[in-house]
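Welcome! Please take a moment to look over the chain below before reading on.

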Amino acid sequence: MESPSTPRRTVPGAQAVARAAGLLRLVTSAADGASLQRLARDSGLSRSTAHRLLTALRVEGLVDQDDATSLWMPGPELYLMGTVAAARYDVTELGRDIVRSLAVKTEESAFLSVRRADETVCLLREEGSFPIRSFVLSEGVRFPLGVASAGLAILSFLPDHDVDAYLDRHPELVERWGRPHGERPLRRRLAETKARGYAVNPGLIVEGSWGMGAAVFDRDGRPEWALSLTGVEFRFGPERLPQLGRTLMAHAHQLSSRIAGARR
């Protein structure tokens, strides 16, 4: 199998497929729809190229466009494909009650995210009872590994050579997410996460919005998912953080055991 850093063979049409797939990811990560301008900017494509690809995807039912706002949204064919793929890849039904339990016990918003290549994608969100909430994360939102607490937890438990390769592939983390995501501070947070067992994001994405994450493992010990919590800063003080961490890790261990048992 080729590693992510191995040069890929040239495949006819590969560039068009990669561009279309990138647009699909951007569309599905925008909860309320995305404008053509935003999609072109975030994909690095010209407006004409982005529009041409989106129009082709719309013909196939993979995206749709709101007549009133002109925003692009996931299409009905994606739902049909997703229901088929869910039987093999989706763990939301296994984790739904665990995420709900985590939200109830901590009173914070709780999430289940899955690793997809160099990103995490949020699969489930369960609101806690505390009235002040953080809205950094919701279903379908993607973050690079090492940025949000879920991705930080996953990255910290990957083999060292995978971490090295990931950082080599993504020198843009500092430019896009700020100096705390440079290699040295990120490696420090990874080491702290591995030693502690759970990740802490002290408002590095949105000021005042804190997050915590714990990796969820498959049968072979690979960190493929993560449970996480988000909330306002004063709810994650030093007197409460260890208790939240223990609760988070207990739920993550429960889900890891459930996934291993379900896939025997």
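Here is a short tour, grouped by topic. This is a predicted model, in which local features need pLDDT of at least 70 and side-chain atom pairs count only at pLDDT 80 or more, while totals for chains, interfaces and linings use all residues. Residues are numbered from 1 along each chain as its sequence is written, and side-chain values use heavy atoms, leaving out hydrogens and water.

**The chain as a whole**
- The protein chain has ten helices and eight strands; these are DSSP runs numbered from the N terminus, with helices (H or I) of at least four residues and strands (E) of at least two.
- Of the 264 residues in the protein chain, 44% are buried (buried means under 20% relative accessible area, exposed over 50%, and partly exposed in between, with a 1.4 Å probe and protein chains only).
- Among contacts in the protein chain with a separation of 6 or more, 55% join residues 24 or more positions apart; contact means heavy atoms within 4.5 Å.

**Nonpolar cores**
- The largest nonpolar core has 26 residues (such a core is a set of buried Ala, Val, Leu, Ile, Met, Phe, Trp, Tyr and Cys residues joined through side-chain atoms within 4.5 Å).
- Those with the most contacts inside this core are L112, M212, V216, W225, L227, L248 and L255.
- At least two residues of this core come from each of α5 (92-106), β3 (109-116), β4 (119-126), β7 (209-217), β8 (223-232) and α10 (241-262), and α10 gives the most, with six residues.
- Not counting residues up to four places away in sequence, L255 touches L94, G95, I98, L112, V216 and L227.
- A second, separate core has 24 residues, including L145, I154, A199 and A226.
- Helix α6 (residues 149-156) is mostly covered, with eight of its eight residues buried; among them are L152, I154 and L155.

**Two helix pairs**
- Two packed helices are described by the angle between their axes and the distance between the axes.
- Helix α1 (residues 14-29) packs against helix α3 (residues 47-59) at an angle of about 80 degrees, with their axes 10 Å apart; axes are lines fitted to C-alpha atoms, for helices over the stretch in contact, and angles run from 0 to 180 degrees between N-to-C directions.
- That makes α1 roughly perpendicular to α3 (angles under 35 degrees count as roughly parallel, over 145 as roughly antiparallel, 65 to 115 as roughly perpendicular and the rest as oblique).
- This contact is made by A16, R19, A20, L23, L24 and V27 of α1 and T49, A50, L53, L54 and L57 of α3.
- Helix α7 (residues 160-169) and helix α9 (residues 183-196) pack at about 150 degrees, with their axes 12 Å apart, which makes α7 roughly antiparallel to α9.
- V163, D164 and L167 of α7 meet E183, L186, R187 and L190 of α9.

- Most residues other than glycine have a negative phi.
- E107, in the loop between α5 and β3, has a positive phi near 70 degrees and is partly exposed at 36% relative accessibility.
- A117, in the loop between β3 and β4, has a positive phi near 60 degrees and is exposed, with a relative accessible area of 59%.
- E233 lies in the loop between β8 and α10 and is partly exposed at 44%.
- E233 and G208 are 25 residues apart in sequence and 5.1 Å apart in space, C-alpha to C-alpha.
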